[in-house]
Each structure stands twice: as structure tokens, then as C-alpha cells.
Amino acid sequence: MTQQNVVVSDPKSGINLTIPVKVPVSMSVTTATQKPTPGPGSCITVSRKTLLEINGHNSARINSWVESMRASSPTHHKSTPLSDDLNSWMVQHPSALDMFEQIISASKGKQIVMFLDYDGTLSPIVEDPDQAFMSDAMRATVRKLARYFPTAIVSGRCRDKVYSFVRLAELYYAGSHGMDIKGPSKGSKYKKGAQTVLFQAASEFLPMIDEVYKALVDITKSTEGVRVENNKFCASVHFRCVDEKKWGELAQEVRSVLNEYPKLRLTQGRKVLEIRPIIKWDKGKALEFLLESLGYANCTDVFPVYIGDDRTDEDAFKVLSERDQGFGILVSKTPKDTHASYSLQEPSEVMMFLRRLVEWKK
Ligand SMILES: O=P(O)(O)OC[C@H]1O[C@H](O[C@H]2O[C@H](CO)[C@@H](O)[C@H](O)[C@H]2O)[C@H](O)[C@@H](O)[C@@H]1O
């Protein structure tokens, strides 16, 4: 998006109006009718019809973004207008705690492999992403879990950052939505040979993400409450602390940066816009890669369990349901469209479920 003065000529009156508009760069090049490609602040001349098309196209797109931003973390009502919906949703996605015995009997004779999302799954959602610590009790539980089952953390965060929160060297880590995978650096009986798994699906995008991160920081700097995070192979624009009235403006700013990078795409998480490479790689692909690295590529005797709370975790839930192997557990207090089979309400329930798995396996 560039700020440009657009001269609108009215054929009836012959009057030329100069209007400053934000024009997507991709469109300004194709729609400028008379002058060469303009720089910021210069003039291009377009018909009124073209201007309406530019603004119409743009605002429809931005409106749909804002709608989606609203849906990205539903408001929790104090009264319970959702309780009927919740009850019927729970029938489709029962609590993994209530269904524990059935889950165990489905896994009989198979190797359980655990995949855990981080934010909202192992740690509660908080306003400041740098303060999303997991409790010592959760860490101790995950440590025990990894003694009995191969365990991976699969996060949208940069791998080093999520490692600094979890601090367990015996786990697999897939950071940047699975685009940066590393095996245990010590002490896992599942570690294959001396080689540690290391796979980076989008390494050529590193400089581009760095550039985009800086552009996002710059363009959003006057929006109060916004937070841009560099997740190495992707970037996050957090709007949890941005006034809802400003969401449209913010979406427009992010869109304008994204327009310059056709090799990047946008996904959404909980009050966060995520910018990442268009490559076909996501948490689902990471799950498949890890199963393969563990030697379970074409096995029927493996039982993967993926626990996550976010839209980006759906890619992994979908893989499991398509493979008809293991199952997904969605962490949510409200009904959501999901490919997961079961649900848990919050990280404390995740911890209870993991403890029961450990107790059962001991
Ligand atoms: O895949 P995840 O491990 O769930 O990571 C997804 C994003 O999580 C973080 O943001 C979310 O948690 C923050 C802390 O609780 C919260 O403030 C934010 O609103 C949530 O979207 C993380 O900061 C992002 O980089 C991750 O992509």
C-alpha cells in the first residue's frame, strides 16, 4: 500500500479532484492510466470507476479480515447463552478426561507419540507474549511424559523462544509452525542414532521474513497496543491489546506490507495475524515429518496424539483424521469448528490428562 494522490476526473463537470488514498502497489501499477508508475506522494490519474473498484476491492477484503479477527478469539460471556451450543458440541467432542479409558483401549498395542502445542495448551494465554511461562508443575509433567512416550512441542513461535520457555532437552521441537524442526539434544531413548533431526522447510525465506518483520514494526508503530514478533520463519502481529476500533486500520497496514510479498501468506491465530511463506508446510506436515523421523512412516502400530488450541493446530488434527490414526484434542472452552475428536477446557486440564497418561504407563 502506498499513500498516493489520485486525480479523479469527472467527465461531466470536467473538474479534477485530487484525493489522497492508500493504493495497493499491485493495483497502482496496473490501474494507472496516464502517468508512469508513481512514487509515494506523486499523482496518478484514474477514472472515478477505477477508484471505486480500488476502494471496493480493498475494503471488502479488509472487512473480511476484520470479521475473521473478531472470530479469532470469541468473547466469553458471563451468563451462559452458549451453554446449549456447548452441550451439543461436547457431544461431538467429548472431554478427553471423561473418555480416558476409551482412548487408552484404542491405543492398545500401539506406540503413543505425543505432540503438544505451546501457547494456550501448555501455558495460559496472557497479554504479553514474552510472559507466557509454563508452570513448574506442567514442566515436570511433560518431563515425565517424555520418559514414556516420544514427545514433540509444535509451536508457531520461533524454536529457540519456545525452547527457552519449555527447557526440556529430551523433546523434539518444531518451531515457526513446523518450519524449523530439531530433535532431542540429549537423553531421549527415541533419538535415532547419533544424528539429531534437523529440518528447515523454508530456509530461503529467512531474509524475507526479517525484512517483513521490520516493515511491519515500522508501519504499525503508531497503532497503540500492537506487538510484532519475529518468529524466524514467520512473523506475528498481535492485536490482543489493540482497541477493536483500530482493527480495520491495522488489517489495512498488514495487508499493504503483504501486497509487496506475493510469496508470503496470512493465517490467523488467537488475536494474532501470522505472516508466513506460501510453501505447503504447516503443523500437519511437521507431524508427518516427525513420525517418519521416528520410524513410524507407514506403520499401523503408532498412535499419535496431538493437543492444541489454535486454528493453526487444525492442520495437524486434519492429518490425523485423514490418516485415521490416533486423534486430536482441541483445548477450548467454547464450541469451535474442528477436526479434533476430543476436547479439554484449558491448560490445567491438559496437565491432568498428561498425568493420567503417565500414571497409566508407569
Ligand atoms: O502454536 P502456538 O505455540 O500456540 O503459538 C501460536 C502463537 O502463540 C503466541 O501468541 C498467543 O499467545 C500469547 C501469549 O499467551 C497471546 O498474547 C497471543 O494473543 C496469542 O496469539 C505467540 O506469541 C505467537 O508468536 C505464536 O504464533
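Predicted model: local features only at pLDDT ≥ 70, side-chain atom pairs only at ≥ 80, totals over all residues.
His177 is a buried residue, since 29 other C-beta atoms lie within 10 Å of its own, and a count of 20 or more is what makes a residue buried. His177 belongs to the loop between β6 (172–175) and β7 (180–182), and its backbone has a positive phi of about 55° although the residue is not a glycine. Most residues other than glycine have a negative phi.

A second residue with this backbone feature is Lys271, which is not a glycine either and has a positive phi of about 50°. Lys271 is placed in the loop between β11 (264–269) and β12, and, with 18 C-beta neighbours inside 10 Å, Lys271 counts as partly exposed.

**The chain as a whole**

The chain contains 11 helices and 15 strands, and of its 362 residues 38% are buried. Among the contacts in the chain with a separation of 6 or more, 59% are made by residues 24 or more positions apart.

**Around the ligand**

Which residues come nearest to the ligand? Of the 24 residues around the ligand, these are Tyr118, Asp119, Pro129, Ser155 and Gly156. Strands β10 (235–238) and β12 (272–277) each supply at least two residues of the shell. Because domain 2 (83–201 + 281–361) and domain 3 (203–277) both give residues to the shell, the ligand lies between them.

**A pair of packed helices**

Helix α5, which covers residues 136–148, packs with helix α11, which covers residues 347–361, at an angle of about 35° and with their axes 9 Å apart. The crossing in which α5 passes α11 is left-handed. On the side of α5, the residues that take part are Ala137, Met138, Thr141, Val142, Lys144, Leu145 and Tyr148, and in α11 they meet Pro347, Met351, Leu354, Arg355, Leu357, Val358 and Lys361. The residues of this contact divide into 10 nonpolar, one polar and three charged.

**Loop residues and their surroundings**

Glu346 is found in the loop between β15 (342–344) and α11, and with 15 C-beta neighbours inside 10 Å it counts as partly exposed. If its neighbours within four places in sequence are left aside, Glu346 is in contact with Val331 and Lys333. Gly109, in turn, lies in the loop between α4 (100–106) and β4 (111–116); this glycine is exposed, because 7 other C-beta atoms lie within 10 Å, and 12 or fewer is the count for an exposed residue.

| Pair of residues | Separation along the chain | Distance between C-alpha atoms |
|---|---|---|
| Glu346 and Pro124 | 222 residues | 7.6 Å |
| Gly109 and Val302 | 193 residues | 8.6 Å |

Technical notes: Residues numbered from 1 in each chain as written. Helix = DSSP H or I, 4+ residues; strand = E, 2+ residues; numbered from the N terminus. Contact = placed C-beta atoms within 7 Å. Near = placed C-beta within 6 Å. Domains from an automatic or database assignment. Axes fitted to C-alpha atoms, helices over the stretch in contact; angles between N-to-C directions. Left-handed = near helix turned anticlockwise from the far one by under 90°. Nonpolar A, V, L, I, M, F, W, Y, C, P; charged D, E, K, R; others polar.
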